[in-house]
Every structure is written in structure tokens, then in C-alpha cells.
Amino acid sequence: MNLRPFRITFFMAVLLLAALWLAAGQIAVIEPVQAATAKGPSLQGGCPTDEHEPNNWFDQATPIQFNVEIYGNICNSDDSDYFSFPLSAGQQVIIDLYGLEMNSNIDLYGPAQTLITGSANPGAADEQIVYTAQETGTYYVAVWGTEHELPNFYTLKVRLAATPTPTITPTPTFTPTPTFTPTPSVTPTPTFTPTPTFTPTPALPPGTILRFGPDGTILGTITTTGTPGDVAVDFLGDIFVKINQNNRIVHYNALGEEMGSWDVDGEAGEITVGPNGEVYVKIRQNHRIAVFDAEGRWLREIDTGVEVNDIAAASDGSLFASIGPEQRIVRYDAGGQIAGGWDTSGAPDRVAITADNWVAVKVAQNGLAAQSRTQSPWLVAIYTSSGDLAAQIPLNVEPTGLAGSPDGSVFVTLKGNHRILHYEINGQLLTAWSTEMAPAGADTDREAGLWTIMEEGAAPECPDSYEPNDALDQAWPVEPDQPVDSYICYEQDNDFFALPNVQAGDVLSLTLDSAPDLMRAQGLSADMSLTLYDPSGEEVAFSDEPGTSAEFIQYHAQTSGIYTAWVAAKLPVAVPPIPYRFRWGASPTPPAWVVNTTDDKNDGACTVQHCSLREAIDAANNGLFTRRIEFNIPASDPGHNPNGYWIIEVASPLPALTAAGVRIDGSTQAAFIGGDPNPMGPEIEIHGRGVDTGLHVKGNDVVVQGLSVTGFDQYGLLLEGATGVTVTQSFVGLDPRGN
């Protein structure tokens, strides 16, 4: 019997009877009339009730049977109806609420009477919950209304999803590395319209998906019919794979057995699985995300309005999407409404969810990368669930897949160099391993197994002819001034070189560069470092220049023996491998810090590319052995005077000479240039306008030679507490021509 026509007829009869009594001039009291069916409500106190009352809390919940329609009503915004039903772990239940005249909603509670999920669509729209039980017990569904005072009738139906029938016959026994191939002779089981079942097409190429352990051990294999484009794993361990050729989603159980499949209306993109087993599929054509249950039944859509790069479902039912054009991560709630988001300061692509719903995002070179001294073209940025940046993982190779593990760690697949990297949530590298095929899209299961799509392609070869030399005891012997042209092939490739016959007192010079002329450094193709160890294996010197700058070490040997140099790249490297040239030399005479410019800049180092007088004084003060400051400034320098000397304009006080035994020798400029450019005096003038002091000497036994110091407000040369200071062949207060 249809209740809604009956209710209309009943109320019309009441109104008609009242009209007749009033017409007779009498006042009537109309008693409630019992409906003529067990389903129908009665009127008590002006509010319809049903046979299930009282059921306003868990302890009053009405037990119901599956696939039976329950008729009830929500009298007002304070009324709630509770129903109970049993579920076993792994069973999937579908709860529908329909036939509404006003807004009512449903919530699902677990055996502990805690909220699992809900459905709260606007207005009188139908409500639906699809959920797979994680534990066995009694579950509860609560029907409740929003702000209204009139009764709202509803129909509730709870049903179990059909158990999927595997399409693979016979079912192979799964061992650590079997290959599960769909049998072409199996007749596909028809599914619902408009998602026809997947008939294996022999013409489609096979695809490979491997399951790795956190240490890189292969634990399982799935062979797909067709090329896999993306993979997603639900909380039970079932695997969903998007097939590129036919926009089909194929469902495998945790053993790798095919459970079913369905086609997607439109060009399917990335996929993800929510905590209740719902499968989200990005549709490329019209800015939408289609939502299906685990059997492929269409449930709803999310209209994003913009192009989405990737999607990832969180454990609380929300969905995170990377929006490339807007350089933003957007969070959708369980109902598909925007619930928050944050900017990524660059173009976000792949996105993954880790423990506590933290979000890992692949970001192209952007503002975050610019803040990093590595200047890496790619980053994996890790955010808290609220969008606060927690860590950055800079990469020189483009990440092709991201996966968040239940323990909070992050897996990164690098198709370019056949590597998989496993990081802690704070960005520290845990493990890394190479793969024979190229790893692409990936997702993890609840046991931290990494299901990874493997694509064809040869692994890059490393042309390093000095291997193996990955440890101190494997160091390759290199003679002084013998260039070593080699490569760093991946992020854990360490190259060690032995420096024999070093004598105590020798000055060691080590250079790491990619240019043939190492004395005129041109820079490296990646961020690298250079470390020096003494004969006991103790680190004694380290060079870590910013970005791709060349590395250089000078060290005064304290003991005799075999020293060792370590060459390393600090990041996963680009393809092809990083080339470099390493060279070292030993000299019994300490070299000098050579000033090669008249500018007054200080970038923190005196190098062959740039060394100002200010930088040379700092280097002499801080050096272990080098106490000579010499000059070799080209004639093309802007500070060159046509009269044969060079003017160094000082804008602020120079650092004090604090080291003992420093010799600052301007006469070396003539020696470097050749001849005598200024026969009337020194070739180097230090000039300060508006600056109190020129050369400030605090160290003992300092020698100042061949300089002109002019233009300072108080002191051209200030000696403070220093003894044994020598000033020779210099003008103080006179320019180089004696004026």
C-alpha cells in the first residue's frame, strides 16, 4: 500500500468532517483515527508516530532486516530514529533514505556507538551511505531532521552489497612473486548498466604491478590486461587499477585475483579509494570526479570547476585535490563540498595521504625551491592536515609516483633513474633501491606494502670506471695533479679517492668541478660536496658550496700518510648521471689568498672566481695556514687607473687583521702584470671616503708592503695592541703617484 496517497486522503477526510460539524453550528472534538495498515502512522498529540517508537537512542534502537523497507517519520528537529543491524568484518552495506518531503539525514555508528560516517544532502534529496565493515558487531543507523516543525515521512532501506564473483578461473595460489593473468576463456559476468563488464582483450599489452616491502623486497606481482595508468589500494588491501586503453577500472583482491571491473564514462585519470571503500576517479574532460562503490556502481560526482592534477582520499572521508593552474591544494568534505585548502607556491601535481591525514605533494620548481640552497627542480612538500608546511624533500629527478604509508612515511618513485625512495615524515631518507623496470604510480596497503606500476624501459647505465669505491676501504688511489673524470649515478653513490704520500706540512689543494680548467671553476651540474679525511679516518676539511658551485678545499697536513677524499651528491641525481672532475695537489709552500677585483663585495668566500680585499682579510684571519694576501687584478677591472695603478674603493671599515704573521703585499700586482706599471709608487691604492679607518692591524708580526692608503677620515693605518708590525714600500695619506 502506498502511504503517501493514504495520508492525503486521511487529512482531506478530517478537514471535510470538521467543515460539516461547524456548518451544523456545533463544536466538535475529532479523535485520532487509527490507520488501516500496520505501516501507516497514527496521530498522537498532533505528531504522526509509527510502530518503531520509542527508538530515540542506541538502547532503544529497533532491529531491522536487510532489504526490507522501513516507514517512519521525523516529527521535528528534536526527533531522531535509531535502527540496528548486524555486520561481519568485510561485509559491505548500502543504506538508503528516500521518499522525503523535507530535509532529513542519516548517520552510521559502529559497534562502539561511535560515528563512522554520514550523509547530509541539501533539501529533500535522497541520502545514501556505502560502507565496508572493519569489525564484526552490531551497527546503528540514525535518522534525524533539521529545523522544521512539521512531520517528515521517510522510507529507510538497509541492504548488503552482493559478494563479487572473481572473473579469473581457476584461482592460482599466490606465492611471493606469481603472475596473475586473466584467463581469456572465462565468460565475463555481466554487470549493471551503464558499466559493462571487462572482457579481456588479447590485443592489449600486459602490464606489471609489483608489491614491495619497505626495504625493497618484492612481495607480490599482478599482471594486468592492458597498460595500467594508476593504482589505488583500499583499507582491506584490495587493489584498483585504471587501464589506459579503455578507461576501465579493474578490481583485484589482496591476493592479486581479479574480482571485477567496470568502464568509466569519459577519459579516466588518477584514482583513489576512500575509507568506506568508495572509488574516486578523475574525469579529464569536464572537471569532475566520479565516485563509485567497490563494484563499480555510480554513486555521485564532484564538480571541481577547474582542472585537477591528482586526488587522494583521507581517513576522515575528505578528499584532497591538487589544482595546478591555481597552485593550490583543495580539500573537499565527505559530501563533496570545498572545506578548505592552501597555496603551494608552485604547480602541485601528485598528492598522497600519510598518517594523521598529513599530505605529501609533488611540486615543480617554485618559491619553496628558491628558498632552498639546493636549487632543486622538484620538491616533495609535506604538509599537516591543516596545510602547515612540515618538511621538504628536494629532488633532481621528477617524481612519477607518491604514496603515503600508514606509519607516516612517504614513498617516492623515480621513473627517470629506476629508483624508489622511502622517507620519514620529516624528510629523512630511510631506504632506497633500484628497479629493473621504471616505477610509476604507486599506493600503499595497510601493511605498508607498496604496490607500484612498473613500465618498460632500460635502467640508465653508470659509466663510472672507478667503481667500486663506495667506502673508505675501497678508495681509489689518485696521484697528485692527475684529473679524475667520473660520475655520481644515484643518491647513495659515494666515490672515495686515496691521496698517497702526503707529508706533514704539505698544503693540500682539492678541487671538484665539471670544467676541464679547474683553476677557473665553471660549476657542477648538481649540488655536491667534498670531504677530506686524514690517515686515521677523521674528517679534517669539508666543502659545501651553495647549489651547483664548484667545491674547493685547502688543508695544511698535520701528519704524514694516505689522506682520503669523499665526493658525494646530496640529492637523488638527474639523468644522465652527474659528471664531475676531481683533482688534488700538494705543495710545501702555503699558497696565497689572491685579490682579483677592486670591488668591495663580500659573498663569504675568497675564490678564484671572486676575491675582494675584504674577503681576503677574512680568509687570512680564518685560515689554518695561509697568511699571505697577494694581488692579481686584471687591467679590464673598472677600478684600473690609466696611470698604472688600481683603486679599491672601501664603503665601510675593513675587517681588522687579527691573525699573526699575515703579509699583505701590493707589490705582487706588478709581478703578476709584468714590468712596472707605476714607476712612481705602489700599484694598489686603498681609498675610503666617509670611512674612519683603513687598515686596522691587531695581529703580531704583520707585514704591510706596496700599498697606498688614502681618503680615510681618521686613520689610514691603525695599529691596536700589535707588536712586530712592518710597513714598507707603502704610502699612507698619499696616492700612488705621491700626491
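## Arg300 and Glu278

Arg300 is partly exposed, at 23% relative accessible area (buried means under 20%, exposed over 50%, partly exposed in between, with a 1.4 Å probe and protein chains only). Its salt-bridge partner is Glu278, at 2.7 Å, N to O. A salt bridge here is a side-chain nitrogen of Lys or Arg within 4 Å of a carboxyl oxygen of Asp or Glu. The pair links distant parts of the chain, 22 residues apart. Arg300 lies in strand β21 (residues 298-303), Glu278 in the loop between β18 (268-273) and β19 (279-283). Strands are DSSP runs (E, at least two residues), numbered from the N terminus. Glu278 is buried, with a relative accessible area of 5%.

## Basis of the model

This is a predicted model: local features need pLDDT of at least 70, side-chain atom pairs count only at pLDDT 80 or more, and totals for chains, interfaces and linings use all residues. Residues are numbered from 1 along each chain as its sequence is written, and side-chain values use heavy atoms, leaving out hydrogens and water.

## Glu301 and Arg288

Glu301 pairs with Arg288 in a salt bridge of 2.3 Å, N to O. This pair also links distant parts of the chain: strand β21 holds Glu301, and strand β20 (residues 288-292) holds Arg288, 13 residues apart. Glu301 is partly exposed at 40% relative accessibility. Arg288 is buried at 14%.

Arg628 and Glu630 form a salt bridge at 2.7 Å, N to O. Arg628 is partly exposed at 32%; Glu630 is buried at 13%. Elsewhere, shared partners join Asp230, Glu267, Glu270, Lys282, Arg284, Asp310 and Arg350 into one salt-bridge network. The structure holds 22 salt bridges.

Definitions and conventions
Helices (H or I, at least four residues) and strands (E, at least two) are DSSP runs, numbered from the N terminus.
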